[in-house]
Amino acid sequence: MAVTATAAAGAVTALGLAAAPAAAAPTGTTAARPGDACTAADLGTRHPYIKTTEVSPTITHFKGWYVTEGTTGQQTVSTDTTTVISVSVGLNDTIETSFAVEALSDVKATVGLDVKLEYTSTSEESNSVTWNLTQPGYYGFYKGTKKVTGTYGSLNCNRAQQDDGSWALKWTEGPGSGSFTTFTTLEEGAVRCQDSVPADSIMARAQALLDCGSAAAKADHPAGAVAPTAKQKPDRPAPHQAPTAGTPAEQPTATGHSTRAALDCSTEAYKIAVPGKPLSWGAPLLADDGVRLRPSSIFSAHLDNWRLCNVTEQDGVLEASLWNWGNGGCATVAEQNASTERAVLMTVPCAEDDLQRFYIYRDVPGSPKIGVQNKYTGSMMGYDRYADGEFIRQYSSGRQDGTGTFDLTAV
């Protein structure tokens, strides 16, 4: 592959050593907000933050039921499903990644409600309601919940220039925003038209479904189930769809690997190394192997050398393809593993593919420390333990112990 110096190298020049690093104020790893301070250890991490929330009482199961004199007492009624609510974060409703779990935990703290933090659906709940009725009348047996929806953003640690010209590390909004849905524990009961209930409560929503002004509500009925009114007929939910290859909401689309891209690469090669230690990213010789931590030596055959290609910069964040000098491939996360936590970083023939594009978050000028994020999956690169031969993997929230921060060192 021809490797040529282009204008992209100008963006890479900003990676060079320029001035002594400025110390960043320490910060916690939870409840980060845009503009808060972060540290170099946070460069390889990512956190959600909740932008908007909406809480709406929702009836999930309902049945109209008529009680006559002599039929009061405890009644057990099988209700009909009216609304199905499923827990989801972005397009991925498996809620298996640390990012999704953290997002829902932040929702819980934001709205002050005990919401579901794992994948579940109201359709999985029993539809049976048992209630003790003391007076005759037209009742609505119901189950309901507080549906919580909203939007979230994604925060990454990156350098930012201050008004006085100095630099500091701050949490900034990066790619990977989307919407979420969750709900509280289901509430059940029975309500009549003449009952006084709190406004905008789950019980009030059930009372509204009774359609108290309708002829069906005012008519006398034999004891038992009443044919549903138009209001009570369920909204037919669309069939449940599996997540689309784990693609986060508002993230780019991956394409096939059928063509080899002509890349404009920097003339300078880099090692992506563990700070202060000898192991760095080493590309594989075998196609089915992954990128591993390896020692650098004269026998590395340039497998530990990477060039930054097709470099762009927006809001201080670099975007680049990582081309390996030793095997001529580009770093990527395999498409079939895109939604998998801890999926291994691979190299494949270079193509116009967002799975092969990475965001690079940098420490203040003078420091080579960086964090690396896959553009398509939104996950950060890191490793499970420091050891020769350990795979570089993706983590949806990064490695909170700082093992996702690397040194980008020119060779």
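This is a predicted model: local features need pLDDT of at least 70, side-chain atom pairs count only at pLDDT 80 or more; totals for chains, interfaces and linings use all residues.
1. The number of links. A search of the whole structure finds 4 disulfides, and three of them are described here in turn. For a reader new to the term, a disulfide is a covalent bond between the sulfur atoms of two cysteines.

2. C38 and C157. A disulfide joins C38 to C157, with an S to S distance of 2.0 Å, and it links distant parts of the chain, since the two cysteines are 119 residues apart. C38 is found in the loop between α1 (8-13) and β1 (46-67), whereas C157 belongs to strand β6, which covers residues 137-161. The torsion about the S-S bond of this pair is about 85°, and the disulfide is therefore right-handed. C38 has a relative accessible area of 0% and is buried; C157, also with a relative accessible area of 0%, is buried as well, because the word applies to anything under 20%.

3. C265 and C309. Here the sulfur atoms of C265 and C309 are joined in a disulfide at an S to S distance of 1.9 Å. C265 sits in the loop between β9 (224-225) and β10 (270-273), while C309 is part of strand β13 (residues 306-314), so the bond ties together parts of the chain that are 44 residues apart in sequence. The torsion about the S-S bond of C265 and C309 is about 100°, which means that this disulfide is right-handed. With a relative accessibility of 0%, C265 counts as buried, and C309, at 0%, counts as buried too.

4. C330 and C350. These two cysteines form a disulfide in which the sulfur atoms lie 2.1 Å apart. C330 lies in strand β15 (residues 330-333) and C350 in the loop between β16 (345-348) and β17 (357-362), so this pair ties together parts that are 20 residues apart in sequence. With 95° about the S-S bond, the link between C330 and C350 is right-handed. As for the opening question, C330 is buried, and C350 is buried as well.

5. The order of pairing. When the bonded cysteines of the protein are numbered in sequence order, the pairing reads 1-2, 3-4, 5-6, 7-8.

Definitions and conventions:
Residues are numbered from 1 along each chain as its sequence is written. Side-chain values use heavy atoms; hydrogens and water are left out. A disulfide is a pair of cysteine sulfur atoms within 2.5 Å. Helices (H or I, at least four residues) and strands (E, at least two) are DSSP runs, numbered from the N terminus. Buried means under 20% relative accessible area, exposed over 50%, partly exposed in between (1.4 Å probe, protein chains only).
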